[in-house]
Amino acid sequence: KVKATGKNNYLFFTPEMNACYHERISLENELRQAISNSEFELYYQPKVSICGDRIVGLEALIRWRHPVHGLLNPASFIDLAEESGLICDITDWVLAEACSQMARWREIGLDNLRISVNVSPSEFTHSDFLERIVCNITKFGLPTDAVEIEITENLLLHDAPGIIDKMRYLRNHGVRISIDDFGTRYSSLNYLRKFPINTIKIDQSFVRDLAAGTTVSPILHAIIGMARGFGLHLVAEGVETMFQLETLNELGCDEMQGYLFSKPIPAAEVKLMLMNSLPGFSSQWHYGTRSS
Ligand code: C2E
Ligand code: MG
Ligand code: MG
Ligand code: MG
């Protein structure tokens, strides 16, 4: 143990820090084994067309079925995965799982769907990252344009050399690129022109602010106006109310995602939901009537 003895010395290990440190190390070790132990699962959340009647895509969202702590959301382990470098293996697993699932859905006629996978900006610095993405997609016989990667704005902020080239590599292979949580950082709208992206996803915080009797934020107006000006696809996430749906519709969004339509659900439930939404099936799928 190190004790504070003077103004330039610090108490390194308080008992609390020690516990925290051990917790972190053990979580990291468990995370390391989670793939081989098949403890990760993908949940899927639909994206619906603006008319709200058609599922156009699914976003894969990772869950960790921890043997002791139960089902964990990404918020409790993605940061650690990034810091420890385990994120690359996790993303490989997510991509392979999402693509193989998509291939199975296509086999039974559930085609014309896009699958979106979340990717951490830090992964763009790895040299073989792009090849691994394309390789995972083609391995399962999917058209590359059926796959979209979602990256947060942070990637654009790094402004690291080569980022544009890397994005262009993906675009040249047909893979779609979406900027997630858009509007939350110091995003210069200039990025929309500079980077080869297809889609922006308006952050949930803007959608949450949309309530009857309030005025639409000028920032939201600006984001939507610019995105449309550049011909980008616009998705709104976190849509929970009919009021939000109607407002976003009027503002000119293309697609929506949120609890109003469906929460993220396991693959087996997705299959039922998709089959019910096909023509000829009686649709159980209406705004806000899904119970899950
Ligand atoms: P995200 O990509 O922005 O995903 C949206 C999050 O909002 C999801 O949380 C989703 O369950 C939640 N959500 C969707 N609709 C609504 C709604 O109407 N209301 C509210 N309040 N929330 C809604 P989740 O699944 O816990 O994921 C959190 C974040 O973790 C994701 O944010 C994404 O950044 C990250 N993540 C998830 N899966 C992966 C993955 O496979 N790899 C990486 N690198 N990150 C992932
Ligand atoms: Mg996302
Ligand atoms: Mg988001
Ligand atoms: Mg997010």
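**View 1. Polar contacts of ligand 1 in the predicted model.** A nitrogen atom of ligand 1 lies 3.1 Å from a backbone N or O atom of I62, and a polar side-chain atom of S120 is 3.2 Å from a nitrogen atom of the ligand. The side chain of Q204 places an N or O atom 2.6 Å from an oxygen atom of ligand 1. A polar contact is a pair of N or O atoms within 3.5 Å. Taken alone, ligand 1 exposes 810 Å², of which the protein buries 82% (Shrake-Rupley method, 1.4 Å probe). The model is predicted: local features need pLDDT of at least 70, side-chain atom pairs count only at pLDDT 80 or more, and totals for chains, interfaces and linings use all residues. Residues are numbered from 1 along each chain, and side-chain values use heavy atoms, without hydrogens and water.

**View 2. The shell around ligand 1.** The ligand is surrounded by 22 residues, the closest being R63, D180, Q204, E240 and Y259 (a heavy atom within 4 Å). Nine of the shell residues are nonpolar, six polar and seven charged (Tyr counts as nonpolar, Gly as polar). Strand β2 gives the most to the shell, with four residues (strands are DSSP runs of E, at least two residues).

**View 3. The magnesium ion (ligand 3).** Its protein donors are D180 (OD), D181 (OD), E237 (OE) and E237 (OE), at 2.0 to 2.4 Å (donors are N, O and S atoms within 2.8 Å of the metal, or 3.2 Å for Na, K and Ca; water is not among the atoms). D180 bridges this ion and the magnesium ion (ligand 2), the two lying 4.3 Å apart. D181 in strand β6 and E237 in strand β8 (residues 233-237) are 56 residues apart and link distant parts of the chain.

Notes
Chains lettered and ligands numbered in written order. Polar contact = N/O pair within 3.5 Å; in protein donor to acceptor, adjacent residues only side chain to side chain.
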